[in-house]
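User: I'm new to this structure and would like a close look at one part: the salt bridges and the strands around them. Could you walk me through that in one go?

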Amino acid sequence: MTMKTSEHHAPGDRVIVTVSADELGGGLLQFEYICRSVTSAPNDHVHLSREESVEVLEGTLHCRAGGQERVLRPGERVVIAAGIPHALWNENLSGCRAVAEHRRVAGALARLEDYFVGAALPTAAE
């Protein structure tokens with residue numbers, strides 16, 4: 001598998017796709033998200049046909065799911081069922097590093113690419 005990486009909307013934020021849904025027939029999309037910029041809480045969004053799980057590796061990550069907010073710390077994980085409105089954001093000056101997984105994600109890689117960069121993610125070699 002070719003790992004892909006991209007800068008997010010804020011300088012220093014990166015997404016590294018480690019398991020592509022396209023390579024596994026849509027069963028799993030896994031990526032590491034490195035967030036260095038501090039942001040305010042974004043609007044909620046919904047994945048109608050897939051579950052999302054996020055585990056924090058470093059720093060803290062704010063999560064709002066189903067109207068309830070919490071702060072995730074290293075080693076903590078949240079699972080967000082399909083259809084639940086949610087948002088994730090960083091308020092930690094030191095940044096955050098997390099791994100996210102989307103299950104039942106046929107065709108989701110292109111939507112993820114559009115969200116993060118508005119274009120195809122380059123390969124790690126680029």
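Analyst: Let's start with the count: searching the whole structure turns up seven salt bridges. A salt bridge here is a side-chain nitrogen of Lys or Arg within 4 Å of a carboxyl oxygen of Asp or Glu. As background, side chains of opposite charge can pair when their charged atoms come close.

A quick word on what you're looking at. This is a predicted model, in which local features need pLDDT of at least 70 and side-chain atom pairs count only at pLDDT 80 or more, while totals for chains, interfaces and linings use all residues. Residues are numbered from 1 along each chain as its sequence is written, and side-chain values use heavy atoms, with hydrogens and water left out.

Glu32 makes a salt bridge with Arg97, and their closest N and O atoms are 2.4 Å apart. That pair links distant parts of the chain, since Glu32 sits in strand E3 (residues 28-35) and Arg97 in strand E9 (residues 96-103), 65 residues apart. Strands (E, at least two residues) and helices (H or I, at least four) are DSSP runs, numbered from the N terminus. Glu32 is buried, at a relative accessible area of 17%, whereas Arg97 is partly exposed at 23%. For those words, buried means under 20% relative accessible area, exposed means over 50%, and partly exposed is in between (1.4 Å probe, protein chains only).

Arg97 also meets Glu58 in a salt bridge, at 2.8 Å from N to O. Glu58 is in strand E4 and Arg97 in strand E9, so this pair ties together parts that are 39 residues apart in sequence. Glu58 counts as partly exposed, with 37% relative accessibility.

Glu101 lies in strand E9 and counts as buried at 13% relative accessibility. The side chains of Glu101 and Arg103 are joined by a polar contact of 3.1 Å. A polar contact is a pair of N or O atoms within 3.5 Å; within protein, one must be able to donate a hydrogen and the other to accept it, and residues adjacent in sequence count only if both atoms are side-chain atoms. Leaving aside neighbours within four places in sequence, Glu101 is in contact (heavy atoms within 4.5 Å) with Leu28, Leu29, Gln30, Glu51, Glu52, Ser53 and Arg77.

Another salt bridge joins Arg64 and Asp44, with closest N and O atoms 2.7 Å apart. This pair also links distant parts of the chain: Arg64 belongs to strand E5 (residues 61-65), and Asp44 to the loop between E3 and strand E4 (51-59), 20 residues apart. Arg64 is buried at 14% relative accessibility, while Asp44 is partly exposed at 35%. Gly67, from the loop between E5 and strand E6 (68-72), is exposed at 61%. Gly67 and Asp44 are 23 residues apart in sequence, with C-alpha atoms 9.2 Å apart in space.

What about the nonpolar side of these strands? The largest nonpolar core has 16 residues, and Phe31, Val54, Leu61 and Val78 have the most contacts inside it. Such a core is a set of buried Ala, Val, Leu, Ile, Met, Phe, Trp, Tyr and Cys residues joined through side-chain atoms within 4.5 Å. Two or more residues each come from strand E2 (14-19), E3, E4, E5, strand E7 (77-80) and E9, and E3 gives the most, with four residues. Beyond its neighbours within four places in sequence, Val78 is in contact with Glu52, Ser53, Val54, Cys63, Arg70 and Leu72.

Last, the cysteines. The search finds zero disulfides, a disulfide being a pair of cysteine sulfur atoms within 2.5 Å. Cys96 is in no disulfide, and the nearest cysteine sulfur, that of Cys35, is 6.5 Å away. Cys96 is buried at 2% relative accessible area, and Cys63 counts as buried at 2% as well.
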